[in-house]
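Here are my notes on this one, written as numbered points. Have the model open while you go through them.

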Amino acid sequence: MRGVGRITLRTGLGMGALALFSGMGEAIGVHLGVNLVNGLLLGFLGVPGFGLLLMLHWVLG
């Protein structure tokens, strides 16, 4: 149960970081969606996950 709470907290923090980046990202031309999958990726991987999301956006977008 303790692990689930930790992942939930980290996912929430990841989604908060995505929401903050969403405002700044528009100014530089990069937009990452604020959704559960992106939040989970940031929650599990942290800063490297953010880099992965940016690279995926670049390759697929």
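1. Contact, for everything below, means heavy atoms within 4.5 Å. Thr 11 lies in helix H1, and with a relative accessible area of 7% Thr 11 is buried. Buried here is under 20% relative accessible area, exposed is over 50%, and partly exposed is in between (1.4 Å probe, protein chains only). The C-alpha atoms of Thr 11 and Gly 43 are separated by 4.4 Å, although the two are 32 residues apart along the chain.

2. Some housekeeping. This is a predicted model, where local features need pLDDT of at least 70 and side-chain atom pairs count only at pLDDT 80 or more, while totals for chains, interfaces and linings use all residues. Residues are numbered from 1 along each chain as its sequence is written, and side-chain values use heavy atoms, with hydrogens and water left out.

3. Now the overall layout. The protein has three helices and zero strands, in the order α-α-α from the N terminus on. Helices (H or I, at least four residues) and strands (E, at least two) are DSSP runs, numbered from the N terminus. The C-alpha trace spans about 40 × 20 × 15 Å along its principal axes. Of the 61 residues, 21% are buried. Among contacts with a separation of 6 or more, 43% come from residues 24 or more positions apart.

4. How do H1 and H2 cross? The axes of H1 (residues 2-28) and H2 (residues 36-45) come within 7 Å and cross at roughly 115°. Axes are lines fitted to C-alpha atoms, for helices over the stretch in contact, and angles run from 0 to 180 degrees between N-to-C directions. H1 and H2 are therefore roughly perpendicular to each other. The cut-offs: under 35 degrees is roughly parallel, over 145 roughly antiparallel, 65 to 115 roughly perpendicular, and the rest oblique. H1 passes H2 in a right-handed crossing; a crossing is right-handed if the near helix is turned clockwise from the far one by less than a right angle, and left-handed if anticlockwise.

5. Who makes the H1 contact with H2? From H1 come Ile 7, Arg 10, Thr 11, Gly 14, Met 15 and Leu 18, and from H2 come Leu 36, Asn 38, Gly 39, Leu 40, Leu 42, Gly 43 and Phe 44. By class, that contact has seven nonpolar residues, five polar and one charged. Ala, Val, Leu, Ile, Met, Phe, Trp, Tyr, Cys and Pro count as nonpolar, Asp, Glu, Lys and Arg as charged, and the others, Gly among them, as polar.

6. H2 has two sides worth a look. Asn 38, Gly 39, Leu 42 and Gly 43 are buried in H2. They cover an arc of only 135° around the axis, so they sit on the same side of H2; the arc is that of the directions from the helix axis to the C-beta atoms. An α-helix has 3.6 residues a turn, so residues three or four places apart point the same way. Leu 36, Val 37 and Phe 44 are exposed on the other side of H2. The cover over the buried residues of H2 includes H1 and helix H3 (47-60).

7. Asn 38 is in helix H2 and counts as buried at 13% relative accessibility. Not counting residues up to four places away in sequence, Asn 38 touches Leu 18, Gly 33 and Leu 53.

8. On to H2 against H3. They pack at an angle of about 140°, with their axes 6 Å apart, and that makes H2 oblique to H3. Asn 38, Leu 41, Leu 42 and Leu 45 in H2 meet Val 47, Pro 48, Gly 49, Phe 50, Leu 52 and Leu 53 in H3. This contact has eight nonpolar, two polar and no charged residues.

9. Is Pro 48 buried or exposed? Pro 48 lies in helix H3 and is exposed, with a relative accessible area of 61%. From Pro 48 to Leu 36, 12 residues apart along the chain, the C-alpha atoms are separated by 17 Å.

10. Last, Trp 58. Trp 58 is in helix H3 and is exposed at a relative accessible area of 72%. Trp 58 and Val 30 are 28 residues apart in sequence and 8.8 Å apart in space, C-alpha to C-alpha.
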